[in-house]
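Please consult the sequence and the model shown here alongside the text.

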Amino acid sequence: MKTSNNKILITGGSAGIGFAIAQLLSTHNKVIITGRNAARLQAAASKLKNTTAIVGDISDAADVDRLVGQVYREHPDLNIVINNAGKAFVYDLAGEQAAAYDKAGQEILTNYLSIIRLNEKLLPLLRRQPEAAIVNVTSIVAFAPGARLATYAASKAALRSYTQSLRYTLRSTNVKVFELMPPLVDTEFSTEINGHLGIKPVVVAEDLIKALGEDRL
């Protein structure tokens, strides 16, 4: 699909992989970034071209409704959604203070259920466009979970399964469904798991744009 002259929504676009993707795409596209921290989001948007910032928590139903309403009103030409926002906890499942149930609930909501909700609300708009795409950001831990990221890995495995089903369901429509599956990436998000040993976010962004252009789902 084309990689220029698109209107693109990137969740979690103020830092890390999301910001790197926004940096590359905002040169030849119009971009919308979302994030929970207003100051951080505005600071990120100020460094980007052709970018609109919308503050909101993708895991909060009311925030999602406000975001979707604004997109339908002000950005009816939206044709790409990149579901990048995520949450992860590094902990010992068997530790005395694990609180695995609570942590897993937050990860599943942010990394899986909130993506289903946003996609469902935006699909009618995407299907109006001549060409459209959904990009779900999973992770290699969907295949090879790490014990300290057990419930995060499980949420990404769920997202991968959903992504495959969504791709099959939309196979005869104008909406392509891509899966972006990063390895360890050097971001603030991965500090607790030696993220400094990982690849740079720009590498992930470059690979995504190349895959979009080549329709490598």
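## Salt bridges

The side chains of Lys121 and Asp65 form a salt bridge, with an N to O distance of 3.2 Å; the term denotes a side-chain nitrogen of Lys or Arg within 4 Å of a carboxyl oxygen of Asp or Glu. Because Lys121 belongs to helix H4 (residues 100-126) and Asp65 to helix H3 (residues 61-74), the pair ties together parts that are 56 residues apart in sequence. Helices (H or I, at least four residues) and strands (E, at least two) are DSSP runs, numbered from the N terminus. Lys121 is partly exposed at 32% relative accessible area, and Asp65 is partly exposed at 42%. Here buried means under 20% relative accessible area, exposed over 50%, and partly exposed in between (1.4 Å probe, protein chains only).

By this rule the count is eight salt bridges. Another of them joins the side chains of Lys200 and Asp186 at 2.7 Å, N to O. Both Lys200 and Asp186 lie in the loop between S6 and H6, 14 residues apart. Lys200 is partly exposed at 46%, as is Asp186 at 23%. Arg216 and Glu214 also form a salt bridge, their closest N and O atoms being 2.7 Å apart.

## Basis of the values

The model is predicted: local features need pLDDT of at least 70 and side-chain atom pairs count only at pLDDT 80 or more, whereas totals for chains, interfaces and linings use all residues. Residues are numbered from 1 along each chain as its sequence is written, and side-chain values use heavy atoms, with hydrogens and water left out.

## Strand S1 and its partners

Strand S1 (residues 7-10) is covered on both faces: Lys7 and Leu9 are buried on one side, Ile8 and Ile10 on the other. S1 runs parallel to strand S2 (residues 30-35), to which four bridges join it; strands count as paired if DSSP finds at least two bridges between them. Leu9 has Ile32 as its bridge partner in S2. S1 also runs parallel to strand S4 (residues 80-83), through three bridges, and there the bridge partner of Ile8 is Ile80.

Together with helix H1 (residues 16-25), S1 and S2 make a right-handed β-α-β unit. Right-handed means that, with the strands pointing away from the viewer, the path from the first strand over the helix to the second runs clockwise.

## Nonpolar cores

The largest nonpolar core has 28 residues, of which Ile10, Ile21, Ile33 and Ile82 touch the most other members. Such a core is a set of buried Ala, Val, Leu, Ile, Met, Phe, Trp, Tyr and Cys residues joined through side-chain atoms within 4.5 Å. Elements giving two or more residues to this core include S1, S2, S4 and helix H6 (201-214). H1 gives the most, with six residues.

Beyond its neighbours within four places in sequence, Ile33 is in contact (heavy atoms within 4.5 Å) with residues including Ile10, Ala22, Leu41 and Ile54. A second, separate core of 25 residues includes Ile54, Leu67, Val71 and Leu122.

## Helix H5

Helix H5 (residues 150-169) has 20 residues and reaches 29 Å from its first C-alpha to its last, close to the 28 Å expected at 1.5 Å a residue. The expected span is 1.5 Å times one less than the number of residues. Among the buried residues of H5 are Tyr152, Lys156, Leu159, Arg160 and Thr163. The buried residues of this helix pack against H4, S5 and S6.
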